[in-house]
Amino acid sequence: MSDYTILRGGDAPDYTGGSPSPFLGYARPMGAEQIAVNVRVLAPGAAHVPPDVDPASGHSHRTIEELYLVIQGQIEIKAGDDVHMLGVRDAILLAPTTPRAVRNATDQEAAFVMISAPVADPRAEASFHENFWPVG
């Protein structure tokens with residue numbers, strides 16, 4: 001007998017609560033214990049920040065590294081002091097303490113997968129950096 005779980009795309013919870021730029025959870029709702037996998041969809045002009053957080057903010061982590069893999073469109077990412085444009089199948093591996101911010105500077109929807117180790121409290125793991133990447 002096989003031991004596996006399937007989660008259909010339409011059933012992945014949106015941690016933003018219905019934003020035009022959903023943050024979709026996969027590993028946690030499926031009961032994963034060793035990996036965290038989320039998909040962030042960014043509407044044109046949107047930034048990857050939690051709801052009600054200034055889009056000029058960046059974040060870093062205390063202990064976990066993250067891998068971002070672009071699966072649709074293009075994203076612009078600031079990692080430390082460097083800014084990069086990533087397209088489909090491009091990836092970036094970010095050390096825990098590297099400040100980062102992602103935005104969609106195009107007029108097309110973009111999406112990227114975020115892969116890391118799971119943490120009990122994602123908010124406690126994150127450190128926010130105000131005015132990291134000012135808008136406008």
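Arg100 is buried, with a relative accessible area of 0%, where buried means under 20% with a 1.4 Å probe and protein chains only. Glu66, at a relative accessible area of 8%, is also buried. Arg100 and Glu66 form a salt bridge whose closest N and O atoms are 2.6 Å apart, a salt bridge being a side-chain nitrogen of Lys or Arg within 4 Å of a carboxyl oxygen of Asp or Glu. The pair links distant parts of the chain, since Arg100 belongs to strand 8 and Glu66 to strand 4, 34 residues apart; strands are DSSP E runs of at least two residues, helices H or I runs of at least four.

## Basis of the model

This is a predicted model, in which local features need pLDDT of at least 70 and side-chain atom pairs count only at pLDDT 80 or more, while totals for chains, interfaces and linings use all residues. Residues are numbered from 1 along each chain as its sequence is written, and side-chain values use heavy atoms, with hydrogens and water left out.

## Nonpolar core

The largest nonpolar core has 16 residues, of which Tyr68, Ile75, Ile77, Ile92, Val102 and Phe112 touch the most other members; such a core joins buried Ala, Val, Leu, Ile, Met, Phe, Trp, Tyr and Cys residues through side-chain atoms within 4.5 Å. Strand 4 (66-72), strand 5 (75-79), strand 7 (91-94) and strand 9 (110-116) each give two or more residues to this core. Another core, of 7 residues, lies apart from it and includes Ala12, Val39, Val41 and Ala111.

Technical notes:
Buried < 20%, exposed > 50% of the residue type's maximum accessible area, 1.4 Å probe, protein only.
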